[in-house]
2 protein chains.
Amino acid sequence: MRNTLLRLTQPRAITYTQNGSPTDVLRVSTLPSLPAPSPAQIAVKFLLSPYNPADMNVVQGVYPARPQTVDVNGVPHNLGGNEAVAEVVQVGEGVKHLQPSDRVIMGASQLGTWRSSALLNSSDVIKLPPSPAVSTVHAATLAINPPTALRMLSDYVQLRPGDYVIQNGANSAVGTSVIQIAKSMNVHTINLVRERGSSEETEALVQELKNMGATHVLTNEQLINDAKNARRTIKEWTQGKDLKLALNCVGGQETTELVKTLAEGAHLVTYGAMSKKPLSIPPGLHIFKDLKSVGFWMSRWYAQSSQEQRRGIANDIVKLIETGNLREPSHQIVRLGGHDQTDEQATQVLYNALPSSHTGGKKILFDFA
Amino acid sequence: MRNTLLRLTQPRAITYTQNGSPTDVLRVSTLPSLPAPSPAQIAVKFLLSPYNPADMNVVQGVYPARPQTVDVNGVPHNLGGNEAVAEVVQVGEGVKHLQPSDRVIMGASQLGTWRSSALLNSSDVIKLPPSPAVSTVHAATLAINPPTALRMLSDYVQLRPGDYVIQNGANSAVGTSVIQIAKSMNVHTINLVRERGSSEETEALVQELKNMGATHVLTNEQLINDAKNARRTIKEWTQGKDLKLALNCVGGQETTELVKTLAEGAHLVTYGAMSKKPLSIPPGLHIFKDLKSVGFWMSRWYAQSSQEQRRGIANDIVKLIETGNLREPSHQIVRLGGHDQTDEQATQVLYNALPSSHTGGKKILFDFA
């Protein structure tokens, strides 16, 4: 309890006062002490908070979502972080459905999760069912990527066991969730990845995805440079079954070729744009093949959903974890909370840990304990 | 009756034996005489048959629809033509809902309408309600363009009086139908057209569209070259009302700029590709603005609809004509039926009439009487 109080009275956070490159503008700062929660609020300590690709875009100021701000010595500081698992420490007198030591994840966007503790509206969090199978790493990473995969596999096409879906960026956090969740539905996946530096590295990646449950893996380069052959290969794999769903986080030429593999009436669902290139779609695919090109954004889904629906999807993901269908993402924990570190020192630890880009690699999780 | 029999015994048609440019491969030919209709068939004489842009693509072999063929002296000839109005001349003994002198339009695709007469399955035509307001030109052109406009204005977004839609290719056959049908729904239109050779010609076109009911007209060039200003102008026009529906028959850069004017959750409906360029869509519009990009093809609608639905949409268009809401398209009738012409001479008449391209100009209607 003493530790808990300490965290509430000297909270630490990753903040920034202007937009820019994360390693230019992010700082570890000590924030003002938290007051007691008001009737509808809860006090939480964050257990683990991921550093997601979209967070970088928020810091750069190129993402259509605004961070929370907190006043430090009269200067408004932006609070980074969108996803986390937290433990409830104290609840406001009006809060009935939560109690201290409950684990919660974020049910609203941009709550500023890169900090040791916070006051949150009790309606902005989702209580996790107690489940020993769900590790802290699982819990910290289950609000965005796995539900994005689950919703995209559920909301556009009625998939039946034995059906196929195709996706690019298959080794991304969402992509690996797609592989595993599809497998749990007995749905086959055709997975596109970028070629690595050597054929051995590519082969290792292919093997990693197959171990995870990927049915087939193809490289973007194979698809782009020999599209006809790649389409024939895909037809052999699917044995003539229609491809009705493609999931896209890349864009550009690779996605144009991806779309050409689809059957009449298929959906292309875009949730990312790693190539930074626009989608280029031959109009005939819309007109004559009835292609539907749409987008998915988990933040919109949360904003448009009821508390009940938010709890529902968290429970769905917890069940997938409990049944062994969803692994922890490959990750690296960065500890920024120690009071033996000054804010300056913790900032250096942060900079050393941040990747230069977000194409692959381990997921970084901040720990302010 | 003698004339009618003559037409049935010496039918004339525009045919081709190989794909290619229409003025290279099309021929006016005399076909074998027609037998009496079988029980489910009807014999019709075609009154007027349009030459539509898509017909040219079928002749070129670049359209995903196959023509009917007929055997002439042992050589299979492709029959051109997809749309027409015809008069029933004779009905098979099993046909109860049609009788001689009924006017019918085509309810199935690629029936080969560029001919003087034909045997058709009675289920492949739609009987027009007798209506003196509906001219032969109206009737010949009401199966494809006006219903394309009506469906696109009805099937994606619930439009209410006072709402706005935006479209490009506004002076196309579908575009002018959109203007008029939207006006009949008290829906405002923002219309994009290509700049003409001179500002006087552009102004004349703008005025023509406004006379038809266009609320606002903007040129593609204004939108592309000064997109920010164009978007501001559009915002002023709509007075902040959301643009939820864009209709596209152009593609390329112009359509990318068009899409940027849309509100969250809007539909882009593509039904043509006059620029021959792909759609280029910034992925953020899908992900963060929930843009839905789809295609519309009237042939698919007919193929997926019941007889009842087909009759329903014909009646809807007839009502729009009867209430003065839909004008005859600007057109030119090309007579190919006279028996004072040889097939060779008629072929020359055809070549002289065919436009070099399909970008604007009057609609050509073939008359084999």
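A salt bridge is taken here as a side-chain nitrogen of Lys or Arg within 4 Å of a carboxyl oxygen of Asp or Glu. By that rule, the count between chain A and chain B is 2 salt bridges. The model is predicted: local features need pLDDT of at least 70, side-chain atom pairs count only at pLDDT 80 or more, and totals for chains, interfaces and linings use all residues. Residues are numbered from 1 along each chain as its sequence is written, and side-chain values use heavy atoms, with hydrogens and water left out.

**Interface of chain A and chain B**
- Contact (heavy atoms within 4.5 Å) involves 27 residues from chain A and 27 residues from chain B.
- The two chains bury about 2,100 Å² between them, 64% of it on carbon and sulfur atoms; this buried area is the accessible area (1.4 Å probe) that two parts lose on being put together, summed over both.
- Arg300(A) forms a salt bridge with Asp290(B), with the closest N and O atoms 3.5 Å apart.

**Domains of chain A**
- The domain assignment, which is automatic or taken from a database, gives domain 1 (2–141 + 328–367) and domain 2 (146–299) of chain A.
- The C-alpha centres of domain 1 and domain 2 of chain A lie 32 Å apart.
- In chain A, 6 residues of domain 1 are in contact with 5 residues of domain 2.
- Domain 1 and domain 2 of chain A bury about 500 Å² between them, 52% of it on carbon and sulfur atoms.
- Between domain 1 and domain 2 of chain A, the count is 0 salt bridges.

Conventions: Chains are lettered from A and ligands numbered from 1 in the order in which they are written.
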